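Subject: Structure handover

Hello,

Here is the structure I promised you. Please open it beside this email and follow along.

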Amino acid sequence: MNIEPSKFLHAILAPFSGLTEEDLSVSLPLWRKRHLRKGDFYNMQNIVCQDLGIVIKGIFRVYYCNPSTHEEKNMFFFSEEQFIVSFRSFLYQCPCVYYIEALEDAEVLYLSYQDLQNLYQNHKSWERFGRRLAEHFFHQAQGRTEDLLLFNNEKRYLNLINEHPTIVERIAAYHIASYLGIKNQSLSRIKKRIQDAVKS
């Protein structure tokens, strides 16, 4: 996918935090493009996350791997035009407790932790961006917690589709089942109930 970084960044960051063309221009030399193949890791468990990215193309899963049982549990997904980062690891520069893996060939524009800190220190508008970023990831984490505590599997599935409309066609069903905390058979029943409800 050929994309002009400045146009892509403006399309994402201007509505997100009100960054202007001038604000973006000071950051343009700092952004880098990263290509990942399916199965590559954006960040790994026990490694400090050093980069804040925005997905140009592809879909990623965030998952925890139990070191004793090697069981994997999907926690989040990131797809096009979304920020991709292990935010707590990035924010506090501490080891990440989970993996971020590309489920398709992917491209990401990313900014290093140190470069972002320099932008915060030297530009008020980028400080505002940092506040909005923190609010964004708090909202994401709170939403996931409420999904798990308050909603049934079908509602969680619908919420996932709302956030990532093409995810069902793009990744294996067991990844979605893991995210929902159910078996593949239960996921199939949820899909069938939804399809039957649409038809009726």
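Helices here are DSSP runs of at least four residues and strands are runs of at least two, numbered from the N terminus. Keep in mind that this is a predicted model.

**A serine to start with**

By that definition, Ser 89 lies in helix H3, which covers residues 87–92. Is Ser 89 buried or exposed? Its relative accessibility is 2%. Buried means under 20%, so Ser 89 counts as buried. Now look at its side chain. A polar atom there lies 2.5 Å from the backbone oxygen of Cys 94. Setting aside neighbours within four places in sequence, Ser 89 is in contact with Ile 47, Val 48, Cys 49, Cys 94, Pro 95 and Cys 96.

**The sheet with E1, E8, E3 and E6**

This open sheet has four strands. Their order is E1-E8-E3-E6, and the pairing is antiparallel. Strand E1 (32–36) and strand E6 (83–84) are the edge strands, each pairing on one side only. In general, strands of a sheet pair through backbone hydrogen bonds.

Follow E8, residues 106–112. Strand E3 (residues 51–57) pairs with E8 over six bridges. Asp 51 stands opposite Ser 112 in E8, and Gly 53 stands opposite Tyr 110 in E8. E1 pairs with E8 as well, over five bridges. There, Lys 33 has Leu 109 as its bridge partner in E8.

How many of the seven residues of E8 are buried? Five are, so E8 is largely enclosed by the rest of the structure.

Strand E4 (residues 60–65) and E5 pair over six bridges. Val 62 stands opposite Phe 76 in E5.

Stay with Phe 76. Its relative accessible area is 17%, so Phe 76 is buried. Leaving out residues up to four places away in sequence, Phe 76 touches Phe 60, Arg 61, Val 62, Gln 140, Ala 141, Arg 144 and Tyr 179. Ala 14 is 62 residues from Phe 76 in sequence, and their C-alpha atoms are 25 Å apart.

**Helix H5**

H5 runs over residues 124–150.

**The nonpolar cores**

In soluble globular proteins, nonpolar side chains tend to be buried together. The largest nonpolar core here has 40 residues. Those that touch the most other members are Leu 13, Phe 60, Phe 83, Leu 116, Trp 126, Phe 129 and Leu 133. H1 gives the most to this core, with five residues. Beyond its neighbours within four places in sequence, Leu 13 is in contact with Gly 18, Leu 19, Leu 24, Trp 31, Ile 54, Phe 83, Trp 126 and Phe 129. A second, separate core has 15 residues, including Ile 59, Ile 167, Ile 176 and Tyr 179.

**Two backbone angles to check**

Most residues other than glycine have a negative phi.

- Asn 46 has a positive phi of about 75 degrees. Asn 46 sits in the loop between E2 and E3. Its relative accessible area is 58%, so Asn 46 is exposed.
- Gln 93 has a positive phi near 50 degrees. Gln 93 lies in the loop between H3 and strand E7 (99–102). With a relative accessible area of 27%, Gln 93 is partly exposed.

Best wishes

Key. Residues are numbered from 1 along each chain as its sequence is written. This is a predicted model: local features need pLDDT of at least 70, side-chain atom pairs count only at pLDDT 80 or more; totals for chains, interfaces and linings use all residues. Side-chain values use heavy atoms; hydrogens and water are left out. Two strands pair if DSSP finds at least two bridges between them. The expected span of a helix is 1.5 Å times one less than its number of residues. Buried means under 20% relative accessible area, exposed over 50%, partly exposed in between (1.4 Å probe, protein chains only). A polar contact is a pair of N or O atoms within 3.5 Å; within protein, one must be able to donate a hydrogen and the other to accept it, and residues adjacent in sequence count only if both atoms are side-chain atoms. Contact means heavy atoms within 4.5 Å. A nonpolar core is a set of buried Ala, Val, Leu, Ile, Met, Phe, Trp, Tyr and Cys residues joined through side-chain atoms within 4.5 Å.
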